[in-house]
Amino acid sequence: MEIQKKKAVIAHRGASGYLPEHTLPTKAMAYAMGADYLEQDIVLSKDDVPIVIHDIHLETVTDVAQKFPKKKRKDGRFYVIDFTFWELKQLNVSERFDPVTSKAVFPNRFPAFTSTFKLHSLQEEIEFIQGLNKSTGKNIGIYPEIKEPEFHRKEGKDISKIVLKILNNCGYNTKKDNCILQCFDVKELKRIRNVFKSELFLVQLTEFKNDEKLEKIATYADGIGPWIHQILDGKDKNGKWKISNLVANAHKLNLIVHAYTFRADQFGDFNSFEALLHVALYEANVDGVFTDFPDKVVDFINKN
Ligand code: CA
């Protein structure tokens with residue numbers, strides 16, 4: 001895997017800036033835009049089918065509240081894990097919305113509640129990407145994330161075991177195979193390496209608080225996935241962004257760095273999306289970025 005030579009463009013939930021996240025159309029679009037990896041967030045169904053969806057809940061991206069009103073839990077939420085794969089297939093997927101107000105989270109993106117989109121399994125998405133790899137002659141990678149392993153365990157399910165088996169069956173076994181497996185849960189990623197003896201390329205996702213030390217991460221993972229603000233260190237007196245030592249320290253330990261999440265419609269205190277990309281890719285020197293807008297990042301990298 002040559003991820004250290006070229007900046008990697010990882011389609012975050014697909015080309016999710018343009019089409020509803022994690023649908024097959026948004027993955028096709030990201031593929032056509034030249035992303036290097038397509039991301040899959042994974043949650044198990046009631047019948048143990050790994051589903052490609054960001055949350056353990058359904059009501060922020062589907063019409064579950066209309067179709068299955070009785071399947072709501074006491075906390076008012078609908079859980080993927082309470083539905084069979086067949087039931088999940090009955091749902092229509094929409095651009096992400098607030099279930100209380102029905103307002104779109106990103107109002108300038110694809111209109112909520114329009115057209116027809118469906119949920120799908122990890123197996124279906126892998127077949128889709130491998131099919132495109134065959135028909136285009138390219139070799140675009142997958143980037144699955146094990147979501148909330150502790151929640152799954154409390155529900156009596158071992159999500160990593162099930163996902164690793166599917167990856168294995170689909171030909172993803174070693175670092176040479178075009179697959180990067182990611183997880184926020186430190187214990188679980190260690191378990192994937194040390195108990196399941198996975199030889200896959202593993203990325204430890206990180207947040208600000210309670211992060212495992214880099215030296216420890218380097219004993220079981222091949223890379224880190226920090227939040228954008230972890231690679232920055234505020235601004236200096238002239239308003240120029242300062243860079244934290246996270247990327248340099250990770251590189252010293254031979255860990256690659258793929259930062260999240262780069263959105264052309266949400267670039268915070270930066271003057272432009274390009275300014276943000278420049279700081280991340282060429283000043284902080286991250287090895288790749290998770291983005292909702294793979295076309296814009298591919299263009300930016302090609303111009304630099
Ligand atoms: Ca993710």
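**Close-up 1. Burial of Glu39 and Glu145 in the predicted model.** Glu39 counts as buried because its relative accessibility is 2%, where buried means under 20% relative accessible area, exposed over 50% and partly exposed in between, with a 1.4 Å probe and protein chains only. Glu145, at 5% relative accessibility, also counts as buried. Because this is a predicted model, local features need pLDDT of at least 70 and side-chain atom pairs count only at pLDDT 80 or more, whereas totals for chains, interfaces and linings use all residues. Residues are numbered from 1 along each chain as its sequence is written, and side-chain values use heavy atoms, with hydrogens and water left out.

**Close-up 2. The calcium ion and its protein donors.** Glu39 (OE), Asp41 (OD) and Glu145 (OE) are the protein donors, lying 2.1 to 2.3 Å from the calcium ion; donors are N, O and S atoms within 2.8 Å of the metal (3.2 Å for Na, K and Ca), and since water is not among the atoms, sites may look incomplete. Glu39 belongs to strand 2 (residues 37-44) and Glu145 to strand 4 (residues 141-146), so the pair ties together parts that are 106 residues apart in sequence. Strands (E, at least two residues) and helices (H or I, at least four) are DSSP runs, numbered from the N terminus.

**Close-up 3. Contact between helix 4 and helix 6.** Leu122, Gln123 and Ile126 in helix 4 meet Val163, Ile166 and Leu167 in helix 6, contact meaning heavy atoms within 4.5 Å. By class, this contact has five nonpolar, one polar and no charged residues, where Ala, Val, Leu, Ile, Met, Phe, Trp, Tyr, Cys and Pro count as nonpolar, Asp, Glu, Lys and Arg as charged, and the others, Gly among them, as polar.
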